[in-house]
Amino acid sequence: MGLSMPSTRLSRDRREEVLLARTVESALAKAQPALPPDASEEELESAVVYVLAELDEPAADGAAVDGTRMAGLAPFELPIVFLDGLEVTQEVQDLAHPVPLVEGKTTIVRAYLRYPPEAVTVRGELLVARTPNGPWRAVPSLGPAQLDPARSGTGLANLRSRRADLNYSVNFRLPDDLTGAGTVWIRTGAIRRTTGTVLPSLASLAVREVIFHPAAPLRLHLVRLRYSLGNPPVTYEPSATDVTLIASWLRRAYPIAALDLTTTMVTATPTPPFEAVQINAQLTALRAVDVSTGTDARTHYYGLVADGGFFMRGRASDIPQTPTPSTVASGPTGPMTFGWDNDGSYGDWYGGHELGHTVGRFHAEFCGAVAGAPYPFPDGQLSDSDEAFVGIDVGDSALGLPLRIMPGTTSHDVMSYCPNQWLSSFTYSGIYDRLVAEDALPSGAGGAPRSDALAGAGGSPAAVQVVAALNLTQRAGAITSVLPAGLDSGAIAPADSFGVSVRSRDGDDAVLDERPVAFQRSACEEPDDDVTGIVDVVLPALSSVTTIDLLLDGEVLDNHPVGGEATEVGAFVGARPMAGPGDLSPAGLELRWEVPEAPASQRYIVQVSEDRRATWKTIAVGLTEPTITVDPRDFAGDELEVRVLATTGTGTTVFRTDTVPLE
Ligand SMILES: [Zn+2]
């Protein structure tokens, strides 16, 4: 008749275990209310003694507890689960929890438990509340955990082997809605054998307070640089994997609540094989235009260069010691493993290193990294040899990247050149503080005057911004662009000029203005490398200037024509598909616009919008010819808003916007 009762019956041992679990539970219910949240070790210990006494003599009045009797109880042999430690970690942590927990970031709680009688495999639940006394919400453990009687005790040394291996802690991921800024309280709930029976447990006595700190986002514009090399030319560009992995890595490793990421594909202006300093100058110009046309001024720009054609070593344009999001950087990417990175792209941690420079982080001088600053742990490690600090990578299930431990002595800080890179507590806290400080900066600093200048609304600009890349060792340099600017744009700290100056001349070659300018030396150089850097300077826009010279020790390295009225930008003509260089880019779309009688100083800026002209992204600056080839695959949708700005630097700027079909 119907289903019979399950035939499995609890063994006598299990029945006793279940009975004991119930008894412990009711003893706990008596002890718990007397305990303050975040009780001290001493308070917890006396609560445990009280509960054990209750178990020993359930009928007795609780007042009978005394230490002499407890000494004979040998609690380590009791078939009861004890708590040896609770660790709350996001990226790296010490048992004393000195690393700030960041709101909105994936958070792992690890419970280190002790079960004296035998090895047992358990699952558990974590109880989480927004007040010290509940209501408690139960969170199930991520998987089973081994409790091994040989791994017991509360000290750092006793916990070491359990902290090093995710299989020996009961691990929980806090629900996202419980990681908002503020305090949460956590304690362990039921601990069960994987067969389902509840183990007697005193672990839940300890209630821990956890504080999530307000955090800033990392605003990042990732510029994927495309270049062609070889004969016949082959086009190289960062893959979708490169972009996905750097985004994932920054979310996992950086102390951020969110990654506000935008990307563009841009053709590299310098001729390959180029150096990072040239890309950094291009990024500086792109960023200057973007910020003046609506991009948040706190946005960092990073250039990704695929290593298929050549390997471009990464560089940052500075290591600013005050919040300076205008500091740009660029670096290589590709599938190489460096012997330890098997996720399919090394551009993630490499980018994390270069971006680290842009938020003020110096090298940790290990494994070949030089010109750095003091670092607190030996050999670039995340921890001293006691492994007080243990790293954790929360992984990314969408990318098949597992939750894993980054051991304190074999993982190394991202600002070193050592293998197995991760962020130490030192770097993590430093970046946290800097990003919070950057977040307090105005979102549109210096943008308005240039917007007016770019839009032609303010007549002739009051100033021009000159961006150039230099290699002092080779005594070479090139002006990347001359942009109309407001006098308050381009905040350049006083610095050494290294002999670099900028000169303005008129049509008769008379010198109107000449001044030393700050040379921003590239960061991340090796001792034998050429000295490279960029110039990013704002000059008064003199009405009669026709040429701007870039000089090193008085010798002209490059010049750039400026001045005159920009001519109107005409309609696009002959927007037509054309064969791209090489098989990798078969669908280039050439756009050309009419500019009759344009002065020699006229240059073109091209912006695109994929959201009906709500936001614009600059894809080219300083074009000398009125044409650009775009790849329809770079854009979503079947049509694209394209805005062309014509500028002569010191003269007026005009623009034209069109809708271009991409099919
Ligand atoms: Zn570096």
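Here are a few questions and answers about this predicted model.

User: Leaving aside neighbours within four places in sequence, which residues is L113 in contact with?
Analyst: L113 is among the core residues that touch the most other members. Once neighbours within four places in sequence are set aside, its contacts are V81, F82, L83, D84, L147, V170, I191 and A203.

User: Which strands stand at the edges of the open sheet of three strands, and why?
Analyst: Good one! The strand order is β1-β4-β8, with antiparallel pairing. An edge strand has a single partner, so one side of it is left without a neighbour in the sheet. That describes β1 (82-89) and β8 (170-173).

User: What is the bridge partner of A111 in β8?
Analyst: Start with the pairing: strand β4 (residues 108-114) and β8 run antiparallel to each other and share four bridges. Within β8, the residue that partners A111 is V170.

User: Are α5 and α7 roughly parallel or oblique to each other?
Analyst: Let's look at the angle. Helix α5 (residues 240-253) and helix α7 (residues 347-358) pack at about 55°, and their axes are 8 Å apart. Angles under 35 degrees would count as roughly parallel. The two helices are therefore oblique.

User: What is the handedness of the crossing of α5 and α7?
Analyst: The contact includes W249 and L250 of α5 and W349 and G351 of α7. The crossing of these helices is right-handed.

How values were computed
Residues are numbered from 1 along each chain as its sequence is written. This is a predicted model: local features need pLDDT of at least 70, side-chain atom pairs count only at pLDDT 80 or more; totals for chains, interfaces and linings use all residues. A nonpolar core is a set of buried Ala, Val, Leu, Ile, Met, Phe, Trp, Tyr and Cys residues joined through C-beta atoms within 7 Å. A residue is buried if 20 or more other C-beta atoms lie within 10 Å of its own, exposed if 12 or fewer, and partly exposed in between; C-beta atoms are placed from the backbone. Two residues are in contact if their C-beta atoms, placed from the backbone, lie within 7 Å. Two strands pair if DSSP finds at least two bridges between them. Axes are lines fitted to C-alpha atoms, for helices over the stretch in contact, and angles run from 0 to 180 degrees between N-to-C directions. Angles under 35 degrees count as roughly parallel, over 145 as roughly antiparallel, 65 to 115 as roughly perpendicular and the rest as oblique. A crossing is left-handed if the near helix is turned anticlockwise from the far one by less than a right angle, and right-handed if clockwise.
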